[in-house]
Structure formats: C-alpha cells, structure tokens
Amino acid sequence: MSATLTRPSLSFAPVLEQKLKGRVTVEERPAHDIATLVTDAATLKEAALFLRDDPAAAYDLFLDLASVDRSKLPGHATGKDARFQANYILYSTRRNEHLRLRVNLPAKDPAVPSLTGVWPAANWFEREAWDLMGIRFDGHPNLQRLLTHNGFVGHALRKDYDKGQRWLCTEEDLLQTELAAKTDDPADMFETMTLNFGPSHPTTHGTLRVVMRVDGEKIVAAESECGYLHRCFEKMSETHTWVQVIPYTDRLNYCSPMINGNGYALAVEKMLGIDVPPRAKAARTVLNEFSRIMDHLVCIGANLVDLGALTNFWYAFQPREEIYGLLEACCGARLTSSYARIGGLAKDVPDNFVEWSRSLLPTIRDRIADIDGLITKNKIAWNRLRGTGVVTKEQAIAWGFTGPSLRASGVPYDVRKDKPYEMYGDVDFDVPIATEGDNFARYIVRMEEMRQSMRIIEQILARFPKGPVNSDDYRVILPPKEMVYNEMEGLIYHFKLVFEGVKVPAGEIYSFTEGANGELGYSLVSDGSGFPYRVKVRPPCFPLFAAFEKIIKGGMVSDAVATLGLLNIIAGELDR
Amino acid sequence: MKTPPPQPPLGPGIPSTSGADFLTTKLDVAVQWAQSNSLWPMPFGTACCAIEFMSVVSSHYDLARFGAEVVRFSPRQADLLIVAGTVVDKLAPVLKKVYDQMSEPKWVISMGVCASTGGFYRAYHVVQGIDEIVPVDVYVAGCPPTPENLIHGIMELQKMIQSGELARHRASKTFVPIRVGTDPDLSIPAYSDGVMAHMTGKKELPQIGVTAESELGAKAKADAGEGHR
Ligand code: SF4
C-alpha cells in the first residue's frame, strides 16, 4: 500500500549539498508529504542559517518542532543510533513552500544545538521538546520544563513512559528567577513590583499566566508561562485508534472544534490516499467557515468585555447560539462536534442544511454590523486598540506568527489561499490584511475575515453537491448494512474495521490547514497498526503566546489585556 | 365573615398565614431561602466547558432567571465555585488556593466530566476529578454539559441549600455530593455509602476528601433511590 517515493526538486539543494559536503541529504518522500532534508546535529546550525538566509531557500517562518521517539517502530532495534528524531517544520513566506529539516539523534543523551538564535520562534518549541521528549538543546537561553510542572519526573512522550503516571504538584512556581533574569536591574526592588496575572484571571479566558514586573502601570519585564491546561493530547492520541482521536482534536481549539477535526481527518486521508466525496467537502468547508466566524466572534466579543464594552458580548453570542443550532442538527452536539470522519463525515447533513445555513447569514451579518457600528469608529476603542501591542512584519515572521495575527502585520499568508484544500480552491474570496500590526489591525482583520467567510459559505451553498458524504473505501468507512448482511466481502470489511480500526500505512506526514488562529498542522507518524504512532499538533497559539511577553514589554498593564484578547490565545490548543 | 382561601406558601418552609400580613418562620429557613436564590458564582473556567458556561450566562439561557448572574472573578466575593473544565496537576494548587479564599458558606459545582472525573483524559498530567482537591456539592455530567444540564445542576444545588441539608452536613464536617445527569432518575450520589449511612444512621460518615467512587454498586444505587425520595 505504500505510496511511490519521489525526490522533491529543491532549487537550492545542489548548492547546499555542495556547501555541506554530504552532511545534508534530500530525502525521498511520497508526493503528499512536504520536502525533507536530513542532516546531523553538528551541521544543524549551519544548515539552518543557510535555509534562512539563502535567497533561493528563504525559509523565514519557523512553524513547528515535531520530535519522535522511534524506539517502538517496527524494525527499529533499541539501542541503535537514531532513537529520536527532531523534525523542524519551516515555511518560506516568499516562496510559499514548506520544508522539514530532520535530525536523527541517538538514544543516549540526545542533544542538538538550539536554533533560537536562527529563528526566535524556536524557543518554546525547544522547551516543549525537552519537557516531553527529553531532547537537550545546547545553548538554549532557558531550557526548563514548559508544559508539565516542576515536580514532574521523566519525559512523558517517550515510548517507555507510562501514560497514566502522574506526579503531584503541590506548589506553584513563582517564576522569580526567570523574571529577575529579564529585568534590567533585578536588585532594584523599590521602584518596581511583581504582578501576577493568571492563571485564573477573567481576561485570560482560560488558564494562562504572566508574571510581570511593573513600574507603576508600566511593564518593565514579563515572563509568560503555560501548561495549566496540558491535557496530554498527544499521549492520549497514541493510545487510541485513528478515529478515536477525532473527539480529542475537538478540544484543542474549543471555540472552533470543527476545523481541528477536519484538519486531522484530512491528514489521515492523505496518508491513506483517499479522497472524500464532493458533498462532504462542501459540508466541511461550510462548517469550517461557520466555525471560523464563531471563533472570531468569541475573540472579539470576549475581548471587548475586557475593555468594558459589554453589549458586544451579547451581540457576539447571539449568532453563535444560532450556529450551534445548525451544528447540533448535523452532529448532535453544540460545542464538541466530532463531526469529521476519516473518509467523510459522521453522517449526512440534515435535509434542510442549505436553507438553514443560508438563513443564518442575515443574523450574523446584522450582529457583525452592530459590533462594527459600536466599535470600529469608536473613540474609546481607537484609544485602547490603536498603537497598542504593535508587532512589525519582521517580528511577526521571526516569532512564528500565522493566521490573523500575521496578516494584521502585513503578511498575506493564508493556507486556504496559498495551499487550497477541501473546496477553498473553487471559491472566490479575499484575504484581508492590515499593515499596522497593532490590536486594532487584528480586530479589523478578524471582522473582515468573517465577511469573507460568509462569502465562501454563500458560494458553496449556491451549488451544494448531492450524493454520498462518505468515501466508498471500506478500509476506512463501514460498508452499508445490506452489504454486510448479504455479501461475504462486506462482512469482512465490517469485521476488520470494527475490530482493528482504520489501518493507516506506515509513513509520516505534515499536513496543515488554516485554523481560526493560524496554521494548524498535524505531524503524524504511523507504524501501520490501528493506532497512531505519534501525533504532533502545530498549535497556532503557541508561538503567539510565546511572543506575548515581548509584545507587552514597555507597555501598560491595561494594554496587555487588550493584546492578550486579540491575539486570541486558546488554552486548549496552546497546552494541548 | 368569609375566611380567605388558603394562600400558596411563599417559599419552601415558609408557611402561608392566610390573610395575615406577617409570616412566621425560622431564621435558618429564611436565610437558606435567600442564599439559594442569590448565588454569586465564580467561574473557574479552564477549558471547553467554560465556553458553554459563557453561553449559560449570556442572553439565550440567561442564568439571571435563577438569581445566579452576578458572576464574580474574585473568590472573595463569590459563594459558588463553578469549576468548568479540565483541571491538570499544574493547576491543582491554584484551584485549592481559590477555594480556600472563598468565605463560608460556599458551594462547589463541578461542571463537565473532566472536572468530575478527569473525563476521557486518563493521563499523566490530569487531575482525575477535582474532588481530589476540593469538596464538591453537585457534579454535572456531560462533555460539555448542555446549558440546560448546568441549569439543572444549579437548581439541584438550590434545593439542597433550601432544605438545609448542606448546612447540616457542613456542621458535621461532611458533604453530600450528588451527580446530576440528563436523566434525573439516573442521578447517582457519588459517595453513596456515606450519604446512605447518614440518612439511615447506620454507618460512619466519610470525612471531607474521602472518595468512595467504587461504591456505585447496584445496592448503593437502590439505596440512593430510597434515600432521596
Ligand atoms: S468535560 Fe468535555 S467539554 Fe468540558 S472541559 Fe472536559 S473535555 Fe472540555
């Protein structure tokens, strides 16, 4: 079942291979995966600098670091050299290309040089890989645990770590040393004071924590901390079948669950080499866009409450309730939809789906217009949002931003446009960008995105396809009951699917979609069994929150609140 | 002179005094009645359930109808802690601190299966039910619970406050958690043995923090049925 391998043509590869003489190789990959370069730990930094700076490569955006423990892969003898792998996922905003830079690491003391100096966005990703996989990053400025607490022992995503092994945490980390390292004059305890913000604070809309050193109202240093909602998504995925992972994906970005499930299903479908029928594609696209609207509405509504504009919250939540109605009719759940399936959808959309969806649009449009009328030209909103939380284009790229926050800084990267999936290639829509990079830009980009989402929905509803919603590949979708009862083959398919689950051919993929907050990537590794070998999510919020402490430094505390809300950090996705 | 028809009672435990313009009641009952109808919730929202909590307080489901709309984000101003979402080990000390900061009388609703039992996160970093850390009065099932289900939980709590049941248990250092589900007939007390013991006066009461999750056998279930009606 394995797909044919091809060697991707990378224009810069000959130069790089020449330069690093045999220490970098281009790996053969199946067509559905991204191009991959393999190097070793000693060459990594050199290769990284080349990939960033060479104009033919220009991989300026650091997307993800996906680590793998290969010790339980079939054919892998433990103790042999490459037990661990560090896969750096890179993207070039200029060339619209993804690249995986792979380093193989030994079982004993896996260590690579830190790439924080090359791509600042690598900082937290490396801490995460250290925390969960135990890969050491030499030269990292602060290689500490990130997602788990300080009392934790071991590295949870290693294959020999028991999934249920908990460690008690009885005390909070006060983060004083980290903060002191960031304050210019740590000895000066009279002029400044420490302000703890979160993890249980209303404006974090979840469980985020920032400890600040403030001079009056001004923030002189800040240290952000996450992991207060680390629910072990990746470990849980490894212990469930491919289909059972879908409910877990719902709870990543719980403001727009449909998008996560869709992204995951798409990744697995690519590995399986199956295509879903047009009706499923259309339904997925429509619901994705409704989810995007819901997500942006929560972001804007909740953020405006923090700024003191309560009315907008009610305006934002009314259309959400109505979209929930539609989702409930489709899949039976309001929030955690679990609607996407590998190979299609859980079940067909209701008969009146098209009319129903269409009837929601006027309400959404009206409520958005209400918010627009209250806020967009409002003097208070201008004072609070304009010029606060500014992120320049260069900063946004260096910090690994994607999604509305990147577009608000003037980089028009949108996966839906640049690497279309589902039905996005067949519809006409614009990618709104702003150039100011401040909170107001992020607000205005989101407002416009909602209108564009409605445009997409309208176009698809106008030619909503008929037919089945599930692929007829019975390796992944249960065959119809008549077939099971009357044909031997049907019975076998049914039996195998129920008892063994979907079997994804051994292999690896990085698949990405446009989540509500940015690029949502899944790095999946399969060993050919019914369970995923490794699931790594590239959460859009992660780099956003990592950069938060840098954005707010030098600003006011109250502006930090506005910035936090409009970056839209969702804890479920941040901590997984 | 005709006697006026008997009036319906003004509140639980408050008898109507037909025709008269005063009431007699016990102070406790009046206080409990007032407390149950003016709960000040503090949402300890951590995850997806918090989003549903937002729906409950916003216009469509309107928690104000139950007198519990004054959402406070300072534990010192709240008397009802609604834990909405997964609590992980790293967050556990925070939850404990928030609970300790609330002043008596205080109640706890555990919203969603994650807060109640860890949900489908049987994993290395997730608290397997917040009753490991704080006592819980009402468990609301669902992932996330529908807004109706949470409202049911709150009404259930109101009943318990009004009946004085919780106050009595607090005084004797016990608490009586109950589970509510989509089907009220299937609601099961979490500490069934303890509850039953108290109601029948046969057994020792469990101490705060003692969990008896395993005691959900058929007998306990049947007993619970008797005990609650
Ligand atoms: S119970 Fe379900 S909806 Fe609630 S926090 Fe847990 S996973 Fe999320």
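The legends below accompany close-up views of a predicted model.

**Figure 1. The largest nonpolar core and the surroundings of A:Phe290**. The largest nonpolar core holds 207 residues, of which A:Leu51, A:Tyr88 and A:Phe290 touch the most other members. Helix α8 (residues 278-306) of chain A contributes the largest share of this core, namely 13 residues. With residues up to four places away in sequence left out, A:Phe290 touches A:Ile323, A:Leu326, A:Ser357, A:Leu360, A:Leu361, A:Ile364 and A:Ile457.

**Figure 2. The packing of α8(A) against α19(A)**. The axis of α8(A) comes within 9 Å of the axis of helix α19 (residues 557-567) of chain A, and the two axes cross at roughly 170°. Because angles over 145 degrees count as roughly antiparallel, α8(A) and α19(A) are described as roughly antiparallel to each other. On the side of α8(A) the contact is made by A:Cys299, A:Asn303 and A:Asp306, and on the side of α19(A) by A:Val561, A:Ala562, A:Gly565 and A:Leu566. By class, the residues of this contact between α8(A) and α19(A) comprise 4 nonpolar, 2 polar and 1 charged.

**Figure 3. The interface between chain A and chain B**. Here 48 residues of chain A are in contact with 37 residues of chain B. Between them the two chains, A and B, bury about 3,700 Å², and 64% of this area lies on carbon and sulfur atoms. Of the area that chain A buries against chain B, 17% is supplied by A:Arg166, A:Arg231 and A:Arg334, which is more than any other three residues supply.

**Figure 4. Two loop residues of chain A, A:Leu20 and A:Ala31**. A:Leu20 is found in the loop between α1 (13-19) and β2 (25-27) of chain A, and with a relative accessibility of 1% A:Leu20 counts as buried. Apart from neighbours within four places in sequence, A:Leu20 is in contact with A:Thr43, A:Glu46 and A:Ala47; the C-alpha atoms of A:Leu20 and A:Thr43 are separated by 7.8 Å, although these residues are 23 residues apart along the chain. A:Ala31 lies in the loop between β3 (29-30) and β4 (35-39) of chain A and is exposed, with a relative accessible area of 69%. When residues up to four places away in sequence are not counted, A:Ala31 touches A:Thr4 and A:Thr6.

**Figure 5. The elements of chain B**. Chain B has 8 helices and 5 strands, which run from the N terminus in the order α-β-α-β-α-β-α-β-α-α-β-α-α. Of its 229 residues, 49% count as buried.

Notes:
Residues are numbered from 1 along each chain as its sequence is written. Chains are lettered from A and ligands numbered from 1 in the order in which they are written. This is a predicted model: local features need pLDDT of at least 70, side-chain atom pairs count only at pLDDT 80 or more; totals for chains, interfaces and linings use all residues. Side-chain values use heavy atoms; hydrogens and water are left out. A nonpolar core is a set of buried Ala, Val, Leu, Ile, Met, Phe, Trp, Tyr and Cys residues joined through side-chain atoms within 4.5 Å. Buried means under 20% relative accessible area, exposed over 50%, partly exposed in between (1.4 Å probe, protein chains only). Helices (H or I, at least four residues) and strands (E, at least two) are DSSP runs, numbered from the N terminus. Contact means heavy atoms within 4.5 Å. Axes are lines fitted to C-alpha atoms, for helices over the stretch in contact, and angles run from 0 to 180 degrees between N-to-C directions. Angles under 35 degrees count as roughly parallel, over 145 as roughly antiparallel, 65 to 115 as roughly perpendicular and the rest as oblique. Ala, Val, Leu, Ile, Met, Phe, Trp, Tyr, Cys and Pro count as nonpolar, Asp, Glu, Lys and Arg as charged, and the others, Gly among them, as polar. Buried area is the accessible area (1.4 Å probe) that two parts lose on being put together, summed over both.
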